[in-house]
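Please keep the structure in view while reading.

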Amino acid sequence: MPAVPSILGFGAIAIDDIVYVDQPLSAGKGKVLQSAQAFGGNVATALAAVARLGGSAGFVGWLASAEDDAVLCDLNASGVETAFAPRHPRARPVHSRITVGSDGDRFIAYDDEAMLGTAPDFPDEVLSQASVLIVDSYAIGSIEVVARARDLGLGVLGDIEWSGGPATETLMALCDHLILPLGFARTATGRRSPAEVLDALWSPSRSAVVLTDGGRGVYYRGGDETGLWHLPPHQVEVVDSTGAGDCFHGAYAYALTRGADTAGRVAYAAAAAALSITGRGGREALPTGDQVERLLASANAPSPVDLKYAQPDTGT
Ligand SMILES: Nc1ncnc2c1ncn2[C@@H]1O[C@H](COP(=O)(O)OP(=O)(O)OP(=O)(O)O)[C@@H](O)[C@H]1O
Ligand SMILES: [Mg+2]
């Protein structure tokens, strides 16, 4: 068996059929410029981002038994270890159809009648050799494994985008690094301003709460510092924003394994995510560590956010 990677993850793994159109999505219709098929999924793309940055990543969710399975081959080609993933003949990926507008914005329609999550008896011996576990909303079916990972001392990094009811609240409580898109975080908390949302999601058991807000940057609070912060976005030429959040999660996990503090992890992740949207699909422009370091050299500084004052409405 190969060495257990330091960053493990399970959750969505997807095959995306993408059409690029010549109008913004708000136009309602547009001419097809190009069609493409790409591999995606929150956790699969996050792990591919880790590997591209130079870290060691392993997918540990259900995979099909066939050795020539397309998803398995793609993970391996992306540098993601699959040797520790449980196998099942009925495992198959999420199938998504994505429309990308001329402004890089996208609409994702997904069919997730798939076997997601991981084996309930996923071994502690493997978990305990890793330092970070990345999970997404589908981990509600494998809560016990997430709880064991947390008990074993792994950093649990949650990319939660939809709620499956009370199990999602349990899952979110288990994530010491909770990194959510602001839109879902608003829905989950019933709060509006990023400062109020951060405050509502904070608890002493968290290491960090991070809210990603697309082209408007990132809001965060870390256990290693006081206050709430906003990091403005990098100015990049947006080609396709698909997978920006996934890359953000992978890069954050990689920075975590390298010992970065909250501000350092968020800055690293934001730079990687900004670079990832300069190419098509979720994977084409995943950056190398050197590319991220170069962009970080020109990084904007974060500014404090005052909880007493509601932030301007930044849209949904
Ligand atoms: N237009 C942009 N310019 C600069 N940075 C961006 C832009 N869009 C996204 N990012 C970076 O990527 C991060 C994550 O993006 P976003 O909030 O859209 O994630 P998401 O909603 O989870 O998307 P997905 O699930 O498709 O990956 C942002 O917080 C920001 O750091
Ligand atoms: Mg996302």
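Ile18 has Ile98, in strand 5, as its bridge partner. The model discussed here is a predicted one. Strand 2 (residues 14-21) and strand 5 (residues 94-100) run parallel and are joined by 7 bridges.

These strands belong to an open sheet of 4 strands, arranged in the order 3-2-5-6 with mixed pairing. At its edges are strand 3 (32-40) and strand 6 (106-111), each of which pairs on one side only. From one strand to the next, the twist averages 15°. As background, the strands of a sheet pair through backbone hydrogen bonds, in either a parallel or an antiparallel manner.

Gly158 stands opposite Leu178 of strand 9.

## A pair of packed helices

Two packed helices are described by the angle between their axes and the distance between those axes. Helix 9 (residues 262-276) packs against helix 10 (residues 289-296) at an angle of about 110°, and their axes are 9 Å apart. Because angles of 65 to 115 degrees count as roughly perpendicular, helix 9 is described as roughly perpendicular to helix 10.

On the side of helix 9, the contact involves Ala267, Tyr268, Ala271, Ala272, Ala274 and Leu275. These residues meet Gln291, Val292, Leu295 and Leu296 in helix 10. By class, the contact has 9 nonpolar residues, 1 polar residue and no charged residues.

## The chain as a whole

The protein chain has 10 helices and 13 strands. Its radius of gyration is 18 Å, close to the 20 Å given by the globule rule for 316 residues, so the chain is as compact as a globular protein of that length. Along the principal axes, the C-alpha atoms fill a box of roughly 55 × 50 × 40 Å.

Of the 316 residues, 47% count as buried. Among contacts between residues at least 6 apart in sequence, 66% join residues at least 24 apart.

Methods. Residues numbered from 1 in each chain as written. Chains lettered and ligands numbered in written order. Predicted model: local features only at pLDDT ≥ 70, side-chain atom pairs only at ≥ 80, totals over all residues. Pairing = 2+ DSSP bridges. Helix = DSSP H or I, 4+ residues; strand = E, 2+ residues; numbered from the N terminus. Rg over C-alpha atoms; globule rule 2.2 N^0.38 Å. Buried ≥ 20, exposed ≤ 12 C-beta atoms within 10 Å, placed from the backbone. Contact = placed C-beta atoms within 7 Å. Axes fitted to C-alpha atoms, helices over the stretch in contact; angles between N-to-C directions. Parallel < 35°, antiparallel > 145°, perpendicular 65-115°, else oblique. Nonpolar A, V, L, I, M, F, W, Y, C, P; charged D, E, K, R; others polar.
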